[in-house]
Amino acid sequence: MSGSQTNGGGGGGGGGVAWPMRFGIFLAPFHRVGENPTLALARDLELITWLDELGYDEAWVGEHHSGGWETIGAPELFLAAAAERTRHIRLGTGVTSLPYHHPFMVAQRMVLLDHLTRGRVMLGVGPGALVTDAMMLGIEPATQRPRMAEALDVIVRLLTELEPVTYEAEWFTLRDAVLQIRPYTRPHFPIAVASTQSPAGMVLAGRHGFRVLQLGPAMGVRGAVDLRAQWRIGEEAAAAAGKTLRREEWSLVIPVHLAETRREAFESARQGAAAELLDYFGTVLGRPCPVEGPRERVIEQMAASGTWIVGTPEDCVAGIERYQEATGGFGAVLLWAHNWASREATRRSYELLARHVMPRFQGSLVGLEASAAWATGHAQDFRARAGQAIEAAHRAFEGQPGGGGG
C-alpha cells in the first residue's frame with residue numbers, strides 16, 4: 001500500500017501522531033433470523049480470537065433481549081468465554097443496559113471479570129437500545145436515561161469507596177453495601193458511556209470524566225448528528241463537574257467492509273448490508289430508512305453519504321480522515337461488527353484493515369518510511385561505494401602471491 005503516515009488523533013495535518021489510534025469492534029451481534037444461534041455465537045467468539053491474532057485493541061459486546069437478530073443477552077458471560085480464547089485484546093460490555101440491573105450486581109460481575117482477565121475488561125454502560133427490551137421488563141422508556149445515570153453514580157461509589165453504601169431508589173435498594181473484592185485494575189477498570197444522539201450520554205460521561213462510545217454517529221431523529229456539538233456538550237458537563245474529557249478516549253462506531261478492490265467490497269456485502277438496514281432496522285425495529293431507492297443500491301448510497309466505509313484500504317484511510325475532520329479528533333475506531341458478507345470475506349476485511357489501515361494511524365510506519373526514504377536518497381552513492389570496495393578487494397587478492405597475479 002502506498003501513502004504516508006496519518007495524524008493519529010487530533011484531526012489536523014502534519015506528520016506527527018497526536019496519539020496512537022485504537023482499533024476494535026462493536027459486536028451487537030447481528031445474525032439474521034433463520035441461522036443456527038449456537039453456531040452464530042461460536043462464529044462471534046471465533047471473530048474475537050481472529051482479531052486478537054491481528055492485533056486489534058478491543059472488542060465491545062452488546063446486551064439485547066428481543067428482536068431476533070442481536071442474540072447476546074449476557075455480555076459478561078460471553079466476555080468470560082472470549083477471555084479464555086484470547087491473550088491481548090481488551091474486552092468490554094458494549095453496553096450493559098443499567099436500568100435492567102441492580103447496580104450492585106453490575107459492579108460485582110465486572111470486578112470478578114477484572115480479576116479473571118487480569119485487568120483486560122472495560123465496562124460500557126447505556127440506557128438500553130431496544131424499546132422492546134424495556135417493554136418486556138415493564139420499564140417506561142422515559143425512565144431509562146435517568147436510571148442509567150443514577151445506577152452509574154452508585155456503581156462508581158461501590159468501586160471507589162470502602163465505606164458501606166446505603167441508597168434508596170425507586171427501583172433498587174442498597175443497605176450498607178460493600179464490594180468484598182476490590183477491582184484488580186486500580187482505581188477501577190475503564191468505564192465508557194454510550195452516546196447516540198441525545199445529550200444524555202455525553203453529559204453523563206462528562207460528569208464522571210469517562211470514555212465515550214459514539215454509536216450511530218451520522219443520523220438521529222432530529223437529522224444529522226453534529227459530532228463537534230456533541231463533544232462540546234460533554235466538555236461543558238466535564239468542566240462543570242471539575243472533570244476532563246479526553247478526545248483520545250472518544251470512540252466512534254463505524255460500519256466498514258473492505259476488499260482488494262471496490263467492486264469486490266460492494267458485491268460481497270451488497271445483500272447482507274441491505275438485509276441488516278432494511279429487514280432488521282427497518283422492518284423489525286421500525287426505524288426510518290436513511291436512504292431511498294432499490295434494495296440493491298443501499299450499500300452505494302450509504303457509502304456515498306459517508307456513513308459507511310466500503311471499498312479498499314485506501315478508501316478506509318480516507319473515510320477515517322473525514323471522520324477526524326468532522327469531529328475535530330477522536331481516539332478509536334470501533335468497527336460495526338456486521339455479517340454483510342461471507343465468513344471468508346469478513347475475515348479478509350478485518351485482515352486488510354489490520355495490515356494496511358491500522359499502521360497509518362498508530363505511528364508504526366514512521367521509522368520504516370524514514371528508513372526507506374533515507375536509503376532511496378543515497379542508493380546510487382552507496383551502491384557506487386560498495387562496488388568500489390568490492391573491486392578493491394578483488395585487486396588486493398590478485399596482488400598477493402598465489403592470488404592470480406602475473
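**Is leucine 47 buried or exposed?** At 12% relative accessibility, leucine 47 counts as buried, because buried means under 20% relative accessible area, exposed means over 50%, and partly exposed lies in between (1.4 Å probe, protein chains only). This residue is found in helix H1 (residues 37–54). Helices (H or I, at least four residues) and strands (E, at least two) are DSSP runs, numbered from the N terminus. Leaving out residues up to four places away in sequence, leucine 47 touches Ile25, Ala337 and Tyr350, where contact means heavy atoms within 4.5 Å. Leucine 47 and alanine 386 are 339 residues apart in sequence and 49 Å apart in space, C-alpha to C-alpha.

A word on the model before the next views. This is a predicted model, in which local features need pLDDT of at least 70 and side-chain atom pairs count only at pLDDT 80 or more, while totals for chains, interfaces and linings use all residues. Residues are numbered from 1 along each chain as its sequence is written, and side-chain values use heavy atoms, with hydrogens and water left out.

**View of the nonpolar cores.** In soluble globular proteins, nonpolar side chains tend to be buried together. A nonpolar core is a set of buried Ala, Val, Leu, Ile, Met, Phe, Trp, Tyr and Cys residues joined through side-chain atoms within 4.5 Å. Here the largest one has 79 residues, and Phe23, Ile25, Ile48, Tyr56, Ile320 and Leu353 have the most contacts inside it. Helix H5 gives this core its largest share, nine residues. Another core, of 18 residues, lies apart from it and includes Leu130, Leu215, Val253 and Leu334.

**View of helix H5 and its bend.** Helix H5 covers residues 141–160, 20 residues in all, and reaches 30 Å from its first C-alpha to its last, close to the 28 Å expected at 1.5 Å a residue. That expected span is 1.5 Å times one less than the number of residues. At arginine 147, H5 bends by about 25 degrees; the bend is the angle between axes fitted to the seven residues ending there and the seven starting there. Among the buried residues of H5 are Arg147, Ala151, Leu152, Ile155 and Leu159. An α-helix has 3.6 residues a turn, so residues three or four places apart point the same way.

**View of two aromatic pairs.** A search of the whole structure finds 13 aromatic pairs. Tyrosine 167 and phenylalanine 172 form a stacked pair, 5.5 Å centre to centre with 15 degrees between the planes. Rings of Phe, Tyr and Trp (its six-membered ring) pair if their centres lie within 6.5 Å; planes under 30 degrees apart count as stacked, over 60 as edge-to-face and the rest as tilted. Tyrosine 167 is partly exposed at 25% relative accessibility, whereas phenylalanine 172 is buried at 5%. Tryptophan 308 and tryptophan 340 form a tilted pair, with 4.5 Å between centres and 40 degrees between planes. This pair links distant parts of the chain, 32 residues apart: tryptophan 308 sits in the loop between helix H9 (298–304) and strand S13 (309–311), and tryptophan 340 in the loop between strand S14 (332–336) and helix H11 (343–356). Tryptophan 308 is buried at 5%, and tryptophan 340 is buried at 3%.

**View of a ring cluster and a charge over a ring.** Ring pairs link Phe30, Trp69, Tyr280, Phe281 and Trp336 into a cluster. Elsewhere to look, arginine 347 lies over the face of tryptophan 50, at 4.2 Å from the ring centre. A charge sits over a ring if NZ of Lys or CZ of Arg is within 6 Å of the ring centre and within 35 degrees of the ring normal.

Most residues other than glycine have a negative phi, and most peptide bonds are trans. A cis peptide bond joins alanine 28 and proline 29, with omega about -10 degrees; proline 29 is in the loop between strand S1 (22–27) and H1. Another cis bond joins glycine 94 and valine 95, with omega about 5 degrees, and valine 95 is found in strand S3 (residues 90–97). Arginine 118 has a positive phi near 55 degrees and is exposed, with a relative accessible area of 58%.
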